[in-house]
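Let's read a structure together, one feature at a time. Bring your questions, and we will take each idea first and the case after it.

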Amino acid sequence: MMLIPCPFCGKRNESEFIFGGPVGADRPDPNAASDAEWVEYLTVVPNPLGPVQERWWHARGCGEWVTIWRDTRTHDIVRAPDGPK
Amino acid sequence: MAQSNRLAAGGRIDRSRPLTFRFNGKPYQGYDGDTLASALLANGVRVTARSFKYHRPRGIVGHGPEEPATLVELDGEDASGNRPATTVPLREGLSARSVNCWPSPEFDLGGINQLFSRFIPAGFYYKTFKWPNWHLFEPSIRKAAGLAAAPKYAPSCGYFEARHAHTDVLIAGAGPAGLLAALEAGRAGKRVFLADEGPEAGGGLLNRNLTIKGQPAMNWVADAVAELQGMANVTHLQNATVWAYREHNMLIVNQRMPEQNSLLERSWRIRAAEVVLATGATERAMVFADNDRPGIMLATSLQAYVNHWGVLPGQQVVLFTNNNSAYPVAADLAGAGALVVAILDSRVHVPDAAMKLVPDIPVHAGTVVAGVKGHKQVRAVRAVPLGGGAGAWITCDLLGHSGGWNPTVHLWSQSRSSLKFDETLAAFVPDSAAQRCRAVGAAAGNLTLDQIIEGGEDLPYAIDPLWRVEIADQKGKAFLDIQNDVTVSDVYLALREGYDNVEHVKRYTTGGMGLDQGKTGNINIIGTVAMQKGISLQDVGTTTFRSPYTPVSFGAIGGLREETVLFPYRHTPVTQWNKDNGAVMYEAGARWRRPGYFPKPGEGLQEAVNRECRAVREGVGVYDGSPLGTFELKGRDVPKFLDFLYSNVMSSLKPGDGRYGLMLSDDGLILDDGVAFRLDEHRWLISTSTGHADAVNQHMKKLLQTEFPGWQVMITTVTSQWNNATICGPRARDVMQALGTDINLSPKAFPFMSFRDGTVAGLPARVVRVSFTGELSFEVNVAPRHMATLWDKVMEAGEPFGILPVGSEASHVLRVEKGFLSLGHEVDGTVDAYDLGMGWAMSQKKPDYLGKRSVQLRRQSGHPRRALVGVLPEDPNRQIPEGAPLTPGGRREATEGLITACVWSVMNDRWVGLALLENGHARQGETAHVRLKDGVIPVRVTKPVFHDPDGKLLRS
């Protein structure tokens, strides 16, 4: 079970969080994007072997969303927002 | 009862405390401190099990968690299955049975499988039982291959619990290396957590006669334990197995509590800054023909039974080894009075240091065992020179074998740390650490005491690996995995058939699976594969080590989290009233307990539901709508936010007004539906369906925090801040007036889709005009502390009008009659607003909102879509099961839709239904066909509304 650094609560067990998925591309302007671009935005999710930016919801804690970088090979959290250590 | 194999003295058992136990129905006696295995050996019980597949007779092989052969099922209060007999502590009244035999391991009917064994090699089941499909055969095969069944009853007393802990250093294993690490960290003032799987600290020292600085090594252990006990910063647990090593240095420890009746087991989840793995080493088996006969045991296990439990399992012993560790075994056995007939050593040169330990025992260097006489008991072994030859039969009643030692790297490997094959030790040893952990002692490859502790005296380790005995005329099965009956020829078969990756070999042969996870045999499988392929063991590699290291009971994993403790029900203040009034309680999504219906004595479901529906349609009914998800949104940017969140325009609402709307996800599917009210300029109230409240909350917060962090919107969950009684039906206004209110109830002053604050029945209330039934409705919201009072007053005021409480069954009927949506019924993750006839909810004016582009894109494709329609079965008394498929003409073809709901409509006096039907909007008036297994039901396609199609009543 991972230990996820919440900038408000400190390091907390993964079981307090709900996974919010990897952070994909920014939402394109739906009135300007081509069909292909729109479909890609909706369906292509980053899935690298290595660091990935992803979101976790501290549902059983402060209720805030946290964005971290996690290495999918090691589960190391390689970058996290500042907060209490 | 005689314990014929018990030594007169010695061992760490309490001879003053004899214990009586039963094994396969027969009574025996052992002592406090025994395991079931040591007590059985003390009583001379040789055949203790039958094997998994061939039902061969088996005895006890090891002395700890590595035991591959003897699994038992415990009865009575201990009820549990598949326990290695070597890990079951003996206690008074224990009753155990062998798992895989009937009627007994001595006489087992399944033993007939041995005759057919050449027809059931590895992969036999995959290849044979595939027509028509495996599931036809599975139940009987599972039974024949049986392990123990799950106990029928939970323990009558006692519970499991979980505990979380943080520590500076977690040490797995309290052998010499673990104790040393604990002393070092403890003295340095660190928080130390030391856990060991056995009942007593000492690890391998418990089983051997070693000295440290001239004193018995166990004296040093006792001193170390005493010093640790004196340190407040050290937690030292025995009977506590570290069984899982997870991410970020979290480890799970299963502590058995033999001294307590109330607490059976405790599961520790420990987060450690540093982990020290002092998990020791496991002896591995030798592979030769019939190496599974009862009386053939691991060499060091023999030594353990003598030294630890005061049991000498046989009188005439032969030892077979490829390394030095069998020599101290021979010395200890001889010292205990056994006749060690010979040591057969596959090495051509035996080190002098080893020879010196056994001056009086014949040692045959360069010799292997290539056959065994005896079926239920070893009677003789065939000693053959390594290069082959006739050899000679040596009579014995016990054969101890040692194939060398594997550092116990399970936890190391679970942590994703890497292994390397050490040629000198002929074993996989820890290489580089992936988390903050280190291996020490035997687990790190330091197999002898002198390497671990200063002043420790031990015979240096030396090995010349022998992965299997290869003698051409060897007859009989040579087992690599005794628990799963996997032989050398099974591995050859797997390789021949192309399963040559070690993970494939494991899955094809099942070698290394099972409860022991191949602790004694896996390395021989790897060695056999390496030899056959002509590559090194390093290149073959190991299979992945996974948790648990040893079996863990489900109870320990669950802890106290069971049933409603795991996932508690949510109640409204009316639950008790509902129960008192005979409600049949349902779960209404998100664990809310709601009344399903209120049957009168002798009344069935349908009669009760009809009565409740008629009350709402013709008089008045009331239901408790509290579980509906409710959120208050506040802030300057709420209008902008709601316009993005909902498909329709919300920002144009005036304070006091509300609107029904759809929430879409950005892929164009319907996430939820509900109403939004504008309380004042900057405050809004939105409601969601009961089951989706949490999901909608998450959705909104994610948007605000990740997409629009600058927007000023505060969300407060107010679901449980408000409770409501929803009074519905043509007489609802009369009931409201009878209750007494300062709110003007006239339709003009208080129209549909608006709310008013005021008092109702003397209680401060917010009254909302929404309707989920299609009738005139007043949703009277009060604070939870007033809810019970309100409810009583509503029932009292409504009595003259024949008011009835309405359960969720009737609510379902009423909404189907009106064609109102239900998520999970009509909204199933494929439909969009247009399919539901709600295109009006899709704003054309707003340039962007969630889902808009995706709905457009999907509809551009021109694929036929399924639309919401009403269906009337041609036979009005024919009910259609919900979910039933519609097919073209009722023929056996691909479906063109499904029935989403079907209810008895009291207003129409017939069954009516809703369905999603391909091109449904264009097919009204036509006949469609429901196809069931037992026939076809023709239905007339209609608009999806069966009552008050213009909505006059709900606006009245």
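Q: Which hand does the crossing of H6(B) and H7(B) have?

A: A crossing is called left-handed when the near helix is turned anticlockwise from the far one by less than a right angle, and right-handed when clockwise. The crossing of H6(B) and H7(B) is left-handed. Helices (H or I, at least four residues) and strands (E, at least two) are DSSP runs numbered from the N terminus. Before going on, note that this is a predicted model, where local features need pLDDT of at least 70, side-chain atom pairs count only at pLDDT 80 or more, and totals for chains, interfaces and linings use all residues. Residues are numbered from 1 along each chain as its sequence is written, while chains are lettered from A and ligands numbered from 1 in the order in which they are written.

Q: At what angle do the axes of H6(B) and H7(B) cross?

A: Axes are lines fitted to C-alpha atoms, for helices over the stretch in contact, with angles from 0 to 180 degrees between N-to-C directions. Here helix H6 (residues 299-309) and helix H7 (residues 326-335) of chain B cross at roughly 35 degrees, and their axes come within 9 Å.

Q: Which residues of H6(B) and H7(B) meet?

A: Two residues are in contact if their C-beta atoms, placed from the backbone, lie within 7 Å. Ala299(B), Thr300(B), Leu302(B), Gln303(B), Val306(B) and Asn307(B) of H6(B) meet Ala326(B), Val329(B), Asp332(B) and Leu333(B) of H7(B).

Q: How are H21(B) and H22(B) oriented to each other?

A: Angles under 35 degrees count as roughly parallel, over 145 as roughly antiparallel, 65 to 115 as roughly perpendicular and the rest as oblique. Helix H21 (residues 732-739) and helix H22 (residues 784-798) of chain B pack at about 115 degrees, with axes 9 Å apart, so H21(B) and H22(B) are roughly perpendicular. Their crossing is right-handed. On the H21(B) side the contact uses Val735(B), Ala738(B) and Leu739(B), and on the H22(B) side Lys793(B), Val794(B), Ala797(B) and Gly798(B).

Q: How many helices and strands are in chain B, and how spread out is the chain?

A: Chain B has 25 helices and 50 strands. Chain B has a radius of 37 Å, well over the 30 Å that the rule gives for 956 residues, so it is more spread out than a compact globule. Its C-alpha trace spans about 115 × 65 × 60 Å along the principal axes.

Q: Is Ala761(B) buried or exposed?

A: A residue is buried if 20 or more other C-beta atoms, placed from the backbone, lie within 10 Å of its own, exposed if 12 or fewer, and partly exposed in between. Ala761(B) has 21 such atoms and is buried, whereas His248(B) has 19 and is partly exposed.

Key. Rg over C-alpha atoms; globule rule 2.2 N^0.38 Å.
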